[in-house]
Amino acid sequence: MNSLSFFRLTQFFLIGLTLAVLPLAPVYFIPRTFPSPDFLFCFIVAWHLRDPQSSPLPLILFLTLLVDIVQFRPIGLWPIFMILLSNLITINRRLFFNGQFLKELLFFSTIFFCSLMFELFFLTITFSPNNGFGVAAQQVIITSFAYPVVVLILYFLLRLRYKTSRFFFSESL
């Protein structure tokens, strides 16, 4: 592992840890009428699309498990989703190398919507309290609007671009 990849791995971990713990900060004293965007999900998907070597699955699982514990969600549900999504992202990465950003945004919105619907389905069949479809739909819309902001931050501030390598069989050099 060279120093640049170790630096990227450390960046991924520290930013992800910050995004996992930041929602706990008591910043809002007035109740909000809409859910906040899931910046950690945006960050993980955007980073994993651009450089999957510096966002390994065990680190993603640790971050999502930490968020499950901190936000009192069903423990292990989002890490299972992230295993499936990371494989889906790895297989479909080549579609976004030279494509339009709208296609990537639609892909992100679709996988986030499906993940929230699976979570809602799981909470419903286990008779756990849930927010309902309306709040989930609002969260998908708000998080989809936050995704381009996260991508711009990764692109301009962290200089994270799409990387191709021989490690993934579906990529071209």
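Which residues in helix 3 are buried? They are Leu59, Ile60, Leu63, Thr64, Val67 and Asp68, where buried means under 20% relative accessible area, exposed over 50% and partly exposed in between, with a 1.4 Å probe and protein chains only. An α-helix has 3.6 residues a turn, so residues three or four places apart point the same way. The model is predicted, with local features needing pLDDT of at least 70 and side-chain atom pairs counting only at pLDDT 80 or more, while totals for chains, interfaces and linings use all residues. Residues are numbered from 1 along each chain as its sequence is written, and side-chain values use heavy atoms, with hydrogens and water left out.

Helices (DSSP runs of H or I, at least four residues) are numbered from the N terminus. Helix 3, residues 57–70, has 14 residues and should span 20 Å at 1.5 Å a residue, which agrees with its end C-alpha atoms being 20 Å apart; the expected span is 1.5 Å times one less than the number of residues.

Phenylalanine 72 follows helix 3 and has a positive phi, near 55°. Most residues other than glycine have a negative phi. Phenylalanine 127 also has a positive phi, of about 55°. Phenylalanine 127 lies in the loop between helix 5 (101–125) and helix 6 (133–157) and is exposed, with a relative accessible area of 78%. Arginine 159, in the segment after helix 6, has a positive phi of about 55°.

Terms used
Helix = DSSP H or I, 4+ residues; strand = E, 2+ residues; numbered from the N terminus.
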